[in-house]
Amino acid sequence: MYRRDRLHLSSRLTLNCSQNVQVRYAWVLEYLVLADDSMYVATLPSDVPLDLYDLVVPATVLDYGILGIQLNASICGDSADQCNNIIGSIDALGCFMVVPSALVAQLAGGSSRSVPSGSDVVLDASQSHDPDANVTGQELTYDWGCDLAQTGSDCSLPAGTLDLQTSVLEVSGADLQQGQVYRFSVLVSYPGRTSSERVNQTLAILQPDVPTVQISCKSNCEVRVNPSERLVLESGCTNCAAGDRLTYVWTLTPDSLTESVQQLDWTRTTTGSSTYSLGIKSGTFQGAETYTARVDISRAGVTGFSEFVFTTNSPPTAGTCQISPQEGRELTDLFSIQCSGFQDPDTPLTYEFSYLTGGENIASFSTTDQDDFVSLGTSPEPSLEGQPLPAGLESRNYAVSVRVTARDSLGAETALTLRVIVMKIAEDDFSDTVNELILGDQSTISESASTGDIQTVVSLATSVGTALNAHSAAGQTADSKRDRETIREELLSRWIPDAADTVRTLESVEQVASCISAVSAAKDELSTTAQLGGAASLSRLTDTLVERTEKGAGTDAVENAAKFIITGLVNIMQASSLASLEARGGGNDTSKRTVLTQTGAASTSVFSTLRSCTTAVFSKMTTGQEPVVINAEGYNMALHKQECSGLRGMVIRASPESENWFKLPDNITADLYSNSSNCGDVDTEMSGTNVNPYEFAESSSGVSSHVLSLSLLDALGERNVSRLSQPIDIMISRGASSVQSEKAATAPVGSGRLSVHNVTSTITGMSNNSIFIHIEPLLSGFPIHLYLKNGINVSREDCDMNISLPVDAALRYSVELPDRTESSDDHTWLIQSDDLLSFNSSEWFLGVAHDVPSDTGTIADSDGQIVQPTDFMLNYTITIFSSTCLYFDFDEDVWKEDGCKTGSLTTPSRTHCLCDHLTPFASGSSFFVAPNSIDIVASILAFSSIGSNPAVVITLAVIVAVYILVVIWARRKDKKDLEKVIWSLGYKIFVIHSFFFLRTLMRIEGRIDLSLCTCKMVDRYRSLSLE
């Protein structure tokens, strides 16, 4: 093996004991010195455990030479830690040769690039290196050369220019002729090591103002590019100023007609062809192909270029695999996989085994192809023995897909997929079967753990978790639900944490994280103990993810591991929210506080781990690439990386169709940075969830929407965004709305009356509520006037607030999104909470009237009747609702309202907020409805069918007599108010007497059809037409 390769040794021990035992492992690595036949112990990093069933030694750790391996397995009658009672032991021996790799020469900037004439040239080979990390760049010897690209003749450089053996070669611009193409080369060497291949860089000397362009590799930068990993290149202009306007054009050219990609499909990139970077997705290329990536950068009409030539690595040659048995039952039958024939010169090969039932629900990354296969583990051997599997879906005829992926030492992979039938076991047997596998010291998982076989522990837990999810979806009884909760708690609090402690590679991160994702999928079956155990394990896995990312893991490898971690984190976050909600809804104070404390701790751990996880993803992103959009069940996240100047007016959302979004103000960069023209890159992290992840806070009862969060991160960490000079626009979905609308009509213009609605703005939980009054006229073209009065009835002359609708187009609030413009509704009146605070009464009277344009002739009303303008009544629908903008204060664990106000784009289904800071946001809302206006004519006609009832006739006669007497009295009292009294007081008396008459009649006769009672008397909602 090469020193640059990771060493992975795995052991398997089968015990057949009648008593409880544990196995203690001890690995010993020693080098053989041939000169004197002596041996010395290998020095390994302290974080390499030597007491596990397998051994993983990181790359570039072992010395060259013959390495002897000894594994001792002691069977202990007591604990493996003590092992005072050794029942027996067994040793395994082996050896292999660690050999050096060839040195690698690299020239910064690409394989070919443009240079302005007259400019000095720097050729930088300092990135040349030893893949074995045994020799530093300063210790290498550099051999430089140069010829003319067109003719191959000598460059005619001044004597001594190429004689330097340093990593950097400087050439005077005066020695390079405009229009000429020079080919420089370098070879690196070190005594006793294989020299590198000679690497060339071609320089085209162009006009003096041409941009000096360079390409560098950010990810997948081995000598041979891994086609199973994303290739990421970045470009730069070394003689461009910060304020220069640059345009980028990328192209990809195959070396010959035999390459598989003759024209790149730009949807297979994460960047497109016009940003400063190029990201080509995995699976685009095949092996042993050569391509040239080129970027042209233009500045003020002058274009420079750089090229990057790369060759892809060939994946392993596919072998054959078999699985047996071909059909079995979930969790009880054991399946084995045997493979052979996979070949590749870049050894050693590793094998990953995974399955897909079709019922998995794994988070997706927009930048990688969706893959829901769940890992069962990796092995240096092409086989997997004795593995239970979950059942397939009935809709798939119980078929389970099993995939075997072979990878060479450079990461190129080949996969084969097998099909096996896994039937469900009888429902009555399921609980007992799972208990035998998981619970107790004699369980199958306990026996595997006693032998130190952590991979089998994890794969068994994964299969059990998937099976539990299928049975949870089927319902079952309360007892069976408790049984499943017990199993999940046992796995997440006992077995999985032990496995998480042993993780050292991204493959094992993915395996354990996918296990947690499966076990935690049923949120209502996760106890707070299970939540805390799962959150702690995911935190440890993320530490390894960050470590491997910093050591150069590929972009796809990081995102694939992150998606399983995020799936588990979201599951626990949602489970904590559900448990908090249930705790706040019942139970005694002590148990309530205990649950909320535990769910708060689990949620806080989730938030911290999510940030660490996204930080790893951000580190693999390039500025200006497409956002990384992460979608999990009920949760989404959008990650952007851009220059800080790009924050101005930036719209951040998970997708163009998303109802949730942020729009940053135009001056946010100036608010945050003193030097906004050169402030570096800024990462934006937006998340949205349909549950309240802060449900553990007592004030969460006021939250009735999705919860959104936006963070800005730069080189110094998360930016404190507060007290902005302009607010941030935030749109928050509230989901399905329970608001109701009612129909009413204005009074005729000639009557001078208002249609009045009495509404109550009693809103519990939050005081900072804004009111929205929406009037939807049945006919357009008629201006509407609204008058609002607090405490007492309203008139045109006596009101606290008023507005005319529709709102003038120039006064409507608008937000420009990339694909559309969102504007406030022209028939909605927004009354801010500040405008309501000075009033004492919670009762409000709303008057509605309409105008008829002066040039209007006769009007066809909504019933098709032709009426005069003075007699026209405008039918309309009225909706009144409220909304509040909230943010979460982490210091106090409470939802607050200050610093935000409700915006004009708010509707019953979403809240628009304007805030001067960034934290998690949500909205509270309440709905109240104005009732139908009372139609007196319809009410009278409704009684036409009761003339056969003498009691009704007599009662009506009395009412009419009283009505006439009141009218006569009113005429004598005040002739000037004749019309008002007739309409107002007479109308009221008629309605009141009719109401009590109907109630009395229903009590006496019991024969009145309630459908005749069109007059609605509601304690807090009533609508009258008054002058």
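**A loop residue and its surroundings**

Modeller: Thr60 is partly exposed, with a relative accessible area of 27%; on this scale, buried means under 20%, exposed means over 50%, and partly exposed lies in between, for a 1.4 Å probe and protein chains only. This is a predicted model, in which local features need pLDDT of at least 70 and side-chain atom pairs count only at pLDDT 80 or more, while totals for chains, interfaces and linings use all residues. Residues are numbered from 1 along each chain as its sequence is written, and side-chain values use heavy atoms, with hydrogens and water left out.

Thr60 is not a glycine, yet its phi is positive, at about 60°. The residue sits in the loop between E4 and strand E5 (65–76). Strands (E, at least two residues) and helices (H or I, at least four) are DSSP runs, numbered from the N terminus.

Strand E4 covers residues 54–57, and both of its faces are covered. Asp54 and Val56 are buried on one side, and Leu55 and Val57 are buried on the other. E4 runs antiparallel to strand E1 (residues 7–10), and 4 bridges join the two; strands count as paired if DSSP finds at least two bridges between them. In this pairing, Val56 of E4 stands opposite His8.

Asn397 also has a positive phi without being a glycine, near 55°. Asn397 lies in the loop between strand E26 (383–388) and strand E27 (399–407). With a relative accessibility of 56%, Asn397 counts as exposed.

Two loops hold cis peptide bonds. One joins Ser324 and Pro325, with omega about -5°, and Pro325 is in the loop between strand E20 (320–324) and strand E21 (327–329). The other runs from Leu805 to Pro806, with omega near 5°; Pro806 belongs to the loop between strand E41 (801–805) and strand E42 (814–816).

As for confidence, the mean pLDDT of the protein is 86, and 88% of its residues reach 70 or more; pLDDT is the predictor's confidence in each residue, from 0 to 100. Over residues 927–949 the pLDDT is below 50, and the model gives this stretch 60 contacts beyond near neighbours in sequence; a contact means heavy atoms within 4.5 Å. Residues 976–1027 also stay under 50, with 85 contacts beyond four places in sequence.
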